Amino acid sequence: MGTHAGGCLCGALGFEVTADPLWITACFCRFCQRATGSTGVIEPIFDATAFRITKGTPARYVHVSDGSGKEVHVHFCQTCATKTHLTFERWPDRLGVYSGAFDDPGWFDFTPANSKYIFLDEAPRGTMVPAGFTCFFQHAATPDGTPQEPFVPDEVWIAPRRT
């Protein structure tokens with residue numbers, strides 16, 4: 001496994017992880033779109049004990065999730081505003097890292113065995129999901145933790161135009 005470092009755009013905030021991700025989530029919800037200014041996010045999820053800040057002190061924005069009603073904490077650099085990681089009231093022992101904040105954003109495997117796509121109902125038209133990945137049109141679980149029914153495309157799935 002080894003240690004994998006990351007940080008912010010200006011270099012004032014640094015972090016490292018010391019374990020492989022528990023799983024990887026590709027999320028296209030409006031929260032992730034707005035938080036990143038992009039179409040979605042690739043977010044490896046770690047046991048919180050595998051993560052540590054190595055430089056600086058992150059600022060924190062607290063957002064109440066529309067879906068769960070629970071707090072999501074967005075951690076970011078106080079100087080350049082780069083978002084580095086997320087912590088969750090709903091899962092206090094887990095932590096998500098914005099993959100683009102790693103020094104090597106492709107260091108972890110992203111495979112059908114360890115990854116899922118969520119909130120595909122909100123994915124921009126033309127978003128593509130490779131065949132064989134577990135997918136959900138909304139979250140993978142209801143607010144009370146009940147698993148949702150996934151779908152696994154046999155061929156590339158492409159987000160349709162919304163009306």
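The model is predicted. Its largest pocket has a volume of about 970 Å³. An open sheet holds three strands in the order S1-S2-S5. Thr82 sits in the loop between strands S7 and S8.

**Largest pocket**
- The lining counts 39 residues.
- Cys29, Ser65, Val72, Phe119 and His139 lie nearest the pocket centre.
- Two or more lining residues come from each of these elements: strand S3 (23-27), helix H1 (30-36), strand S4 (41-47), strand S6 (59-64), S7, S8 and strand S10 (115-118).
- H1 gives the largest share of the lining, with five residues.
- By residue class, the lining divides into 19 nonpolar, nine polar and eleven charged.

**Three-stranded sheet**
- Pairing in the S1-S2-S5 sheet is antiparallel.
- Strand S1 (4-7) and strand S5 (51-55) form the edges, and each pairs on one side only.
- Neighbouring strands of this sheet are turned by 30° against each other on average, direction ignored.
- S2 (residues 14-17) and S5 run antiparallel and are joined by four bridges.
- Val17 stands opposite Phe51 in S5.

**Thr82 and its contacts**
- A polar atom of the Thr82 side chain lies 3.1 Å from the backbone nitrogen of Leu9.
- Beyond four places away in sequence, Thr82 touches Gly7, Cys8, Leu9, His75, Phe76 and Cys77.

Note on methods. Residues are numbered from 1 along each chain as its sequence is written. This is a predicted model: local features need pLDDT of at least 70, side-chain atom pairs count only at pLDDT 80 or more; totals for chains, interfaces and linings use all residues. Side-chain values use heavy atoms; hydrogens and water are left out. A polar contact is a pair of N or O atoms within 3.5 Å; within protein, one must be able to donate a hydrogen and the other to accept it, and residues adjacent in sequence count only if both atoms are side-chain atoms. Contact means heavy atoms within 4.5 Å. Two strands pair if DSSP finds at least two bridges between them. Axes are lines fitted to C-alpha atoms, for helices over the stretch in contact, and angles run from 0 to 180 degrees between N-to-C directions. On a 1 Å grid over the protein atoms alone, a cavity is a set of points where a 1.4 Å probe fits but cannot get out, and a pocket is an open set with protein on both sides within 12 Å along at least five of seven lines; lining residues have an atom within 4 Å of a point. Grid points are joined across faces, edges and corners, and a volume is the space filled by probe spheres set on the points. Ala, Val, Leu, Ile, Met, Phe, Trp, Tyr, Cys and Pro count as nonpolar, Asp, Glu, Lys and Arg as charged, and the others, Gly among them, as polar.
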